[in-house]
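Hello,

Here is the structure I said I would pass on. Please look through it before reading the notes below.

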Amino acid sequence: MFDPRRFVQEAVPEIKVQAGGGKAIIALSGGVDSSVAAALSLKALGEQLVAVFIDHGFMRKGEREEIERTFEGMGMNLRVIDASQRFFDALRGTRDPEAKRKIVGETFIRVFEEVALEEGASFLVQGTIAPDWIESDGGIKSHHNVAGLPSGMVLRLVEPLRDLYKDEVRKVARELGLPPSISERMPFPGPGLAIRVIGEPTHEKVAIVREANAIVEEEIRKAGLKPWQALAVLLEGKSVGVKGDIRDYGYTIAVRAVESVDAMTATAMPIPWDVLKTIQKRITREIPGVTRVLYDITDKPPATIEFE
Ligand code: XMP
């Protein structure tokens with residue numbers, strides 16, 4: 001039986017030993033994994049720790065503001081860096097899912113290295129959890145915080161959550177007193193909305209999927225449903241619609257909600273029809289350029305949870 005209190009008691013001194021008195025930066029994304037890694041590292045390293053939130057432009061709606069509120073409130077030394085243009089430039093013309101993941105991962109680490117240099121940090125703390133490296137080792141898809149690491153990296157890695165699964169990370173989050181908006185937060189991939197747009201993630205498409213994703217998460221929450229994850233994906237191509245008696249030729253949003261214990265396998269969740277209809281109506285009404293909403297009924301396997 002996993003004991004979060006004991007985990008914290010052991011992890012804190014372990015981080016201290018690993019960072020050996022050096023200055024560390026933490027890759028804070030606002031997701032539960034990196035937040036727990038940050039809160040643990042703050043306990044271990046205090047002033048020695050700088051939390052860096054890199055806004056790559058593929059964050060969820062309001063995510064950056066929420067992170068600023070939460071972590072500044074904890075007394076964390078937080079630096080917020082808007083690198084979105086750099087990521088968009090790096091991804092221009094890129095359509096392949098693995099290429100997108102690698103570019104986001106590499107750009108991420110490059111930006112971190114620059115900040116680390118400025119800060120004089122020699123350690124990078126990451127919230128990598130077990131399924132991240134298990135799936136990357138298995139060649140299924142390169143999880144952003146694993147295979148994205150360039151070989152010439154000068155920072156040494158500290159990964160205090162390496163052996164944990166998501167439900168265990170949430171227990172540690174509660175143990176550390178993180179707010180429910182973080183401890184119960186739905187998982188979100190490191191490359192963010194860049195992989196929630198099939199094909200090239202343009203500014204227009206990212207803005208559309210950001211709105212759609214916010215609607216999906218909000219309606220699922222309002223309905224009292226607790227899936228492992230609920231998300232929106234912007235598919236490629238357009239289809240014909242009709243809005244206000246006028247022909248419209250717009251994008252298609254796929255909605256997905258899954259139940260899972262550890263993300264290694266997942267089951268498509270039977271969302272009540274009225275909830276699905278509310279989601280569809282809000283998406284097609286509130287987001288110009290979207291004419292169609294689909295619900296993904298595929299389990300994992302054979303599909304993965306994310307589309308890319
Ligand atoms: P898949 O799509 O592989 O996703 O079935 C399994 C779980 O992992 C999340 N995911 C990621 N998490 N970096 C992360 O930290 C990533 O690059 C990444 N890709 C997928 C996904 O949202 C799901 O919860």
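The notes below cover a helix pair, one further helix and some backbone details.

This is a predicted model, in which local features need pLDDT of at least 70, side-chain atom pairs count only at pLDDT 80 or more, and totals for chains, interfaces and linings use all residues. Residues are numbered from 1 along each chain as its sequence is written, and side-chain values use heavy atoms, with hydrogens and water left out.

Helix pair. Helices here are DSSP runs of H or I with at least four residues, and strands are runs of E with at least two, numbered from the N terminus. Helix α9 (residues 203-222) packs with helix α10 (residues 273-286) at an angle of about 150°, their axes lying 10 Å apart. α9 is therefore roughly antiparallel to α10 (an angle over 145 degrees). The contact (heavy atoms within 4.5 Å) involves residues including Ala212, Ile215 and Val216 of α9 and Val275, Thr278 and Ile279 of α10.

Helix α1. This helix (residues 4-19) has 16 residues. Its buried residues (under 20% relative accessible area, 1.4 Å probe, protein chains only) are Pro4, Phe7, Val8, Ala11, Val12, Ile15 and Ala19. Among the elements covering them are α2 (32-45) and α7 (166-175).

Backbone. The peptide bond from Lys300 to Pro301 is cis, with omega near -10°, and a cis bond also joins Pro301 and Pro302, with omega about 10°. Pro301 is in the segment after β9 (290-295). Asp245, a residue other than glycine, has a positive phi near 65°, and this residue lies in the loop between β6 (229-243) and β7 (246-259).

Regards

Key:
Axes are lines fitted to C-alpha atoms, for helices over the stretch in contact, and angles run from 0 to 180 degrees between N-to-C directions. Angles under 35 degrees count as roughly parallel, over 145 as roughly antiparallel, 65 to 115 as roughly perpendicular and the rest as oblique. The expected span of a helix is 1.5 Å times one less than its number of residues. Buried means under 20% relative accessible area, exposed over 50%, partly exposed in between (1.4 Å probe, protein chains only).
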